[in-house]
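Dear colleague,

Please read the notes with the coordinates open beside you.

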Amino acid sequence: MIGLGELSLWMALLMAVWGAALSAAGGVLSRDDLIASAERGLVAATGFSAISVAGLSWALVSRDFALQYVAMHTSERVPVAYRISAMWADRAGSLLLWTLVLGLCSAVALRATRGDRVARIARGTSAVARTPGSRIATLLGGALAISLALSAVALNPFAGLNPIPANGRGLDPQLQDWTRILDMPLLMLGCGAALVSLALCLAVSWDGGFTAAQTRAARAWPVVAFCALAAGIGFRLAWAYTHRGAVPIAAFSQVPSGTVLAALLALLMAGIALGAGPRRPIGVYLATAGVVTLVA
């Protein structure tokens with residue numbers, strides 16, 4: 001299972017690069033078949049990311065100390081629930097989980113744009129020229145490819161240990177709290193939804209005008225982002241107050257600054273989404289800056 005997880009990580013990277021490249025080519029060449037193949041590639045990348053996350057989760061639950069990540073963040077005495085939450089106890093595991101969350105958000109967003117594209121094809125109009133599906137797939141596929149490349153090359157959670165230790169170092173006692181089981185997945189979901197909002201607004205601002213389906217999506221994704229970010233930040237503040245005795249204002253120092261930035265960007269993109277008209281340059285510029293900043 002662990003070997004399958006590492007192999008799936010590389011397969012996910014391949015599929016994400018495939019999806020980003022083909023969606024860009026499909027937009028340039030006005031080829032609907034390339035865009036459809038790109039969307040399938042991104043869905044496949046999400047599936048492989050899920051297998052990779054399952055492989056690391058299995059290693060954590062089964063206490064396979066042959067992996068460096070498992071040996072550093074769990075032990076024989078850590079309860080099962082906290083062995084699972086050790087997935088996001090460090091950057092390597094968090095980044096792997098982020099690829100799955102981003103892939104799921106991307107797959108849902110692409111499914112919404114796919115329906116509009118298919119309807120236009122059925123009416124005999126050019127879906128590529130009049131829908132932002134190719135741009136959305138390119139932006140989200142590129143972000144997913146970057147995350148997967150970092151996870152596979154720079155922060156590979158499947159790196160092994162030799163010799164294999166008899167026991168692990170254990171999980172930081174301050175991280176063994178039910179709020180830390182929930183806060184990071186919610187924060188990641190909020191950031192993923194914010195990134196989808198940015199990609200959608202950039203694509204439709206560039207191509208001009210919202211369809212009814214795109215308007216509903218543009219309104220829904222910022223709401224999802226804010227709800228998830230608010231819940232995640234709330235759980236993190238509760239943890240900071242309980243374990244570090246921080247007053248509410250000081251407890252904000254324990255909240256990742258990127259999540260606050262994502263919330264602000266989601267609010268900005270929500271305003272653009274609700275008020276954007278055909279080809280407004282300000283929407284293009286702000287959405288481009290938001291995508292670059294959030295990915296960075």
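**Salt bridges and a helix pair**

R180 forms a salt bridge with D183, with the closest N and O atoms 3.0 Å apart; the term stands here for a side-chain nitrogen of Lys or Arg within 4 Å of a carboxyl oxygen of Asp or Glu. The model is a predicted one, in which local features need pLDDT of at least 70 and side-chain atom pairs count only at pLDDT 80 or more, while totals for chains, interfaces and linings use all residues. Residues are numbered from 1 along each chain as its sequence is written, and side-chain values use heavy atoms, with hydrogens and water left out.

R180 and D183 are three residues apart in helix α8 (residues 178-207), and are therefore separated by about one helical turn; helices here are DSSP runs (H or I, at least four residues), numbered from the N terminus, and strands are likewise DSSP runs (E, at least two). R180 is buried, with a relative accessible area of 12%, and D183 is buried at 0% relative accessibility (buried means under 20% relative accessible area, exposed over 50%, and partly exposed in between, with a 1.4 Å probe and protein chains only).

D183 also meets R236 in a salt bridge, at 2.6 Å from N to O. Because D183 lies in helix α8 and R236 in helix α9 (residues 212-244), this pair ties together parts that are 53 residues apart in sequence. R236 counts as buried too, at 5% relative accessibility, and R180, D183 and R236 are linked in a network of salt bridges.

A search of the whole structure finds three salt bridges, and one of them joins R63 to E76, whose closest N and O atoms are 3.2 Å apart. R63 lies in the loop between α2 (32-61) and α3 (68-73), and E76 in the loop between α3 and α4 (80-85), so the pair ties together parts that are 13 residues apart in sequence. R63 is partly exposed, with a relative accessible area of 28%, and E76 is partly exposed at 42%.

Turning to the helix packing, α1 (residues 2-29) and α2 pack at an angle of about 160°, with their axes 7 Å apart; the axes are lines fitted to C-alpha atoms over the stretch in contact, and angles run from 0 to 180 degrees between N-to-C directions.
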